[in-house]
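Hello,

Here is the structure you will be working with. Please look through it first; my notes follow below.

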Amino acid sequence: MKVAWISPFKKKCGISIYSNEYCKVLSESVCLRKIKLDNFFRYSGKEIETLNSFDIIHFQYETSFFLKSRNRKFSGFCSKITKPIILTLHEVYDSFPGIFPRSHIKGKGLIRKIKEIVYDAKHPYQTAYSQHISHNFFANKILVHAHYHRDILIKKGIPEKMIATLPLP
């Protein structure tokens, strides 16, 4: 089995350290190719074909990794992948700590719409995360590290059968 593992591989990043540990173990059982998330925005055309030559695509997900200058490229990228996508979520929030929830915006009609546009501009990470949740993160399987993460995702509408708990190494 050939696995493409898309992740940051910086020395002082917790998700990177976690990724490297999993890659060491996983590479003993499958053909694994690490792809730096830094190269994520360069992927198109021929590179997408290369990714589609793998049996499984795995993303180490963190919303901020997929925003560049407020452009949301994750959905467009995932829509071009024809192979199963597995995604690991490291943080799952019912609502973001210290951030006024979008669902609490008051008003009707045009006023509410303007308030939502302003909210989305001021909170791009939360907005992108919510959009990714509404599309099940474009994944076939979602891995989380705790049962309460799983419960939050189910409450947000992601099918229970799509989510598995994989404790931290």
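Ala4 has Ile57 in E3 as its bridge partner. Strand E1 (residues 2–7) and E3 run parallel and are paired over four bridges; two strands count as paired if DSSP finds at least two bridges between them. Helices (H or I, at least four residues) and strands (E, at least two) are DSSP runs, numbered from the N terminus.

This is a predicted model: local features need pLDDT of at least 70, side-chain atom pairs count only at pLDDT 80 or more, and totals for chains, interfaces and linings use all residues. Residues are numbered from 1 along each chain as its sequence is written, and side-chain values use heavy atoms, with hydrogens and water left out.

E3 is also joined to strand E6 (residues 85–89), in parallel, by five bridges. There, Gln60 stands opposite Thr88 of E6.

Why is strand E3 (residues 56–61) largely enclosed by the rest of the structure? Six of its six residues are buried, where buried means under 20% relative accessible area, exposed over 50%, and partly exposed in between (1.4 Å probe, protein chains only). Ile56, His58 and Gln60 point one way from E3, while Ile57, Phe59 and Tyr61 point the other way.

Two residues in the loop between helix H5 (124–134) and strand E7 (141–144) deserve a look, one of them Phe137. Phe137 is not a glycine, yet has a positive phi of about 55°; at 0% relative accessibility, Phe137 is buried. Phe138, found in the loop between H5 and E7, has a positive phi near 60°. Phe138 counts as partly exposed because its relative accessibility is 23%.

Regards
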